[in-house]
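Work through the exercises below with the structure in view. Each task is followed by a solution in steps.

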Amino acid sequence: MTLDVPGGTTTVLLGPSGSGKSTLLRLAAGLLALPPGGRLATEDGAKLAGRIAYMAQQDLLAPWADALRNVTFGAHLRGTPPDLGRARALLAQVGLAPTDAAKRPAELSGGMRQRVALARTLMEDRPFVLMDEPFSAVDAPTRHRLQSLSARLLAGRTVLLVTHDPMEALRLAGRIYVLSGSPAAPAAFAPPGGDPPRPAADPALLAAQAALLERLAEAVA
């Protein structure tokens, strides 16, 4: 398959379980070896290595570290001094109180943990961001708030997002692909107009949601 991900916007992948959505993200992240003949290319010709931030389905926070250290975990792994001021500012941007910075993951709610994971992703300050169902573990209101938050904080970056939620795709995407078939092939689906995050009550978005659900049902059949 060939997949074109435009720069500076969010591209969303949907499709049945097992269609290869997460595998595509792992290939792009360098976590899996490309198959023979496979190729990743950017318009500027630069390699993707070192230019990607990856946010998985689970928050993957280190249980022994507080929120602040989790946000700066990349710097610790690289052996570089962490920018604690920026980390605290990001925790504030994602809606966590200063006192939350000293809490370990076990002391945080699911939504708060996801906010820490989002702050950690932003802390890496990479032009390419890969997100694999990053908000699937939280309740619907928190998910809605985190969608709006991520759309605002990731504006202008090249984001590839995997989700099973049509509403999430339609609220956040600049481009949508539905994977179907075996081997899977991407079929484009046009999101409604307007800039993300689109309001959930928008009639155009609700109509698009119904059409996208029909498309996904066809992909599973």
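**Exercise 1.** Find which residues of strand 4 are buried on one side and which on the other.

Solution. On one side T158, L160 and V162 are buried, and on the other V159 and L161 are, which leaves both faces of strand 4 covered. Buried means under 20% relative accessible area, exposed over 50%, and partly exposed in between (1.4 Å probe, protein chains only). Strands (E, at least two residues) and helices (H or I, at least four) are DSSP runs, numbered from the N terminus. Strand 4 covers residues 158-162, and five of the five are buried, so the rest of the structure largely encloses this strand.

The model is predicted: local features need pLDDT of at least 70, side-chain atom pairs count only at pLDDT 80 or more, and totals for chains, interfaces and linings use all residues. Residues are numbered from 1 along each chain as its sequence is written, and side-chain values use heavy atoms, with hydrogens and water left out.

**Exercise 2.** Determine how strand 1 and strand 3 pair with strand 4.

Solution. Two strands pair if DSSP finds at least two bridges between them.
- Step 1: strand 1 (residues 10-14) is parallel to strand 4, with four bridges. Here T11 stands opposite L160.
- Step 2: strand 3 (residues 128-132) also runs parallel to strand 4, joined by five bridges. V129 has V159 as its bridge partner.

**Exercise 3.** Are L60 and D125 buried, partly exposed or exposed?

Solution. 
- Step 1: L60 is in the loop between strand 2 (52-55) and helix 2 (67-71). Its phi is positive, near 55°, though L60 is not a glycine. L60 counts as exposed because its relative accessibility is 56%.
- Step 2: D125 is in the loop between helix 5 (110-123) and strand 3. Phi of D125 is about 55°, again positive in a non-glycine residue. With a relative accessible area of 45%, D125 is partly exposed.

**Exercise 4.** State how many helices and strands the protein chain has, and what share of its residues is buried.

Solution. The protein chain has eight helices and six strands. Of its 221 residues, 44% count as buried.
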